[in-house]
Amino acid sequence: MSITVYPARRILTMNPSQPEATHIAVDGDRVLAVGEVDTMPRGDGCVWDERFADKVIMPGFVEGHSHALEGAMWDYLYLGYFPRHDADGKQWSGLKSVEQVQERLREHAACLPAGEPLIAWGFDPVYFEGTRLTRRELDEAVCDRPLVVMHASFHVMTVNTPMLERAGILDGPRVEGIMCDEQGIPSGELQEMAAMFVVFDALGHNLFEKVSSPHVLRRYGAIAAAAGVTTITDLYNPMSDEAIDAMVEVTRSVDYPVRLVPAMGVLQWSAEEGIARLQAALPRSHERLHFGLAKLMTDGSIQGYTARLKWPGYHDGHANGLWNAAPEVLTELVQAYHQAGLQLHIHTNGDEAVELMLDAIDQALTLWPRADHRHTLQHCQVIDHAQLRRAARLGVCLNMFANHLYYWGDIHYQRTLGPSRCQRLEPLASARRLSIPVAIHSDAPVTPLGPLFTAWCAVNRRTASGRQLGEHEAASVGEALEMITLGAAWTLGLDDKIGSLDVGKYADMAVLDQDPLQVAPAELRDIKVHATVLGGRVHGGD
């Protein structure tokens with residue numbers, strides 16, 4: 001196979017031994033050489049490709065926490081507060097009132113066949129202070145068919161009366177999380193997985209299993225590549241036989257533009273079943289598909305009031321959130337997967353959830369020491385400094401949801417956390433000072449997939465209103481770029497293969513129109529992705 005040499009305006013390698021270069025040589029799917037022009041291989045087997053000569057090349061971005069649902073949700077109606085582009089490039093306006101939400105629902109329902117359920121997503125009740133979306137408001141908009149509105153966090157949904165009737169829960173709660181009004185009648189709001197799955201079962205349509213569709217996986221890969229991502233996660237995969245087969249089939253295609261790293265949803269299986277299923281999938285991994293991660297969901301979301309917070313709880317006095325399983329069950333699952341030698345990625349939004357999981361990991365390591373477990377706490381929005389020091393001691397990685405600063409920073413400041421705790425929201429600088437391996441993420445489709453925007457959030461720490469939160473926890477541009485490349489690769493256990501441009505690693509690259517180290521930090525999110533290269537194969541560009 002011929003060697004291809006790509007000259008560039010600048011190459012940011014993320015390799016500390018050689019941070020910059022002007023040329024990179026690719027042999028097959030691997031990096032052969034990185035350096036200046038006089039260090040490049042030459043001869044009859046070398047092809048010099050000038051297409052990126054005026055561009056900036058970086059390692060392909062690694063999105064360490066997102067979901068293949070990003071490829072599914074644009075099949076449904078968007079009801080978000082912020083404007084957003086869909087998979088086809090159409091911009092949907094943000095909805096600023098419940099009345100606007102109702103109108104969009106009515107318009108969409110009028111286009112559907114009679115009786116067909118309407119599924120919508122992206123609604124964020126925290127932006128409508130004093131108003132709680134209930135079945136009453138949904139019935140006013142759509143009463144002739146079941147209606148399901150997934151909230152932006154994907155931890156809560158609201159449904160109308162026909163949907164409650166179909167699910168058989170109008171007469172009262174059957175599981176925790178089915179919220180009721182003052183008369184004890186279900187209000188239409190369903191919090192966390194157990195309650196939402198009652199609706200999915202009644203519909204015969206589980207949104208979280210849409211990731212088993214080859215169409216969804218292909219769309220997901222295309223969305224990721226357009227954002228400069230070459231390695232993408234699906235951090236809550238059902239790992240059903242159908243889902244495993246679909247991932248193997250889709251990623252086997254040489255045209256698939258990303259590497260896919262799914263994490264099995266632990267709570268869907270007993271510990272024995274889940275461990276056996278994950279271990280059985282490992283041999284089906286290949287260069288574009290990496291099995292082996294397990295995802296444990298502890299609490300919910302802070303902005304959805306379903307996260308578990310330590311004292312003093314929610315700033316506005318709201319009741320504490322929900323556990324997705326009993327704390328003792330969550331602890332037992334950590335110990336079981338740790339003992340089996342598997343890597344856990346653990347959803348911990350609230351600091352009480354962080355505390356529980358640090359306790360569980362500490363116990364597991366005492367019983368079964370492992371030098372390089374790389375268990376990763378995900379989100380950990382308000383992890384405190386004692387917890388950070390403990391995480392460092394235990395060898396725990398952190399993947400922080402930097403996009404929270406922009407999308408919910410104002411809400412956290414005013415209502416959910418208050419000004420003091422917001423100064424440590426996503427404490428990236430403190431984690432770096434303690435040498436904790438850190439990544440940052442989008443949690444797409446919760447927020448749009450775009451690592452350069454996520455890096456912008458980590459550096460600038462600006463809310464949607466422009467307020468800066470926690471200036472002392474800001475990352476430098478260089479640190480943020482490392483968090484979306486080599487840092488994220490480390491949390492996935494793939495830093496020996498991806499995350500930097502170094503000899504022997506996969507030739508995975510993001511090609512940018514501008515240099516992120518030369519533009520003003522405030523302009524980082526505006527840099528355009530020109531193309532990606534996955535294993536030496538170019539996707540996009542001219």
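**View 1. Lining of the second largest pocket.** Twenty residues line the second largest pocket, and those nearest its centre are R132, M179, C180, S187 and E189. Two or more lining residues come from each of α2 (135-141), β13 (178-180) and β14 (186-191). Of these elements, β14 gives the largest share, four residues. The lining comprises seven nonpolar, seven polar and six charged residues, and the space in this pocket is about 400 Å³. The model shown in every view is predicted.

**View 2. The largest pocket of the predicted model.** The largest pocket holds about 910 Å³ of space. Its lining counts 25 residues, with H85, P448, L449, G450 and F453 nearest the centre. At least two lining residues are supplied by each of β8 (84-85), α5 (214-226), α11 (404-407) and α15; the greatest contribution, three residues, is that of α15. By class, 16 lining residues are nonpolar, three are polar and six are charged.

**View 3. An open sheet of eight parallel strands.** The strands follow the order β6-β15-β16-β17-β18-β19-β20-β21. On average, neighbouring strands are turned by 20 degrees against each other, direction ignored.

**View 4. Pairing of β18 with β19.** Strands β18 (residues 343-348) and β19 (residues 376-379) run parallel and are joined by four bridges. H347 has Q378 of β19 as its bridge partner.

**View 5. Helices at the sheet.** Helix α8 (residues 327-339) packs on the sheet and touches β16 (259-265), β17 (293-297) and β18, its direction making about 170 degrees with that of β17. Helix α15 (residues 451-460) lies across β6, β15 (229-237) and β21, at about 115 degrees to β21.

Technical notes. Residues numbered from 1 in each chain as written. Predicted model: local features only at pLDDT ≥ 70, side-chain atom pairs only at ≥ 80, totals over all residues. Heavy atoms only, no water. Pairing = 2+ DSSP bridges. Axes fitted to C-alpha atoms, helices over the stretch in contact; angles between N-to-C directions. Contact = heavy atoms within 4.5 Å. 1 Å grid on protein atoms, 1.4 Å probe; cavity = no way out; pocket = protein on both sides within 12 Å on 5 of 7 lines; lining within 4 Å. Points joined across faces, edges and corners; volume = space filled by probe spheres on them. Nonpolar A, V, L, I, M, F, W, Y, C, P; charged D, E, K, R; others polar.
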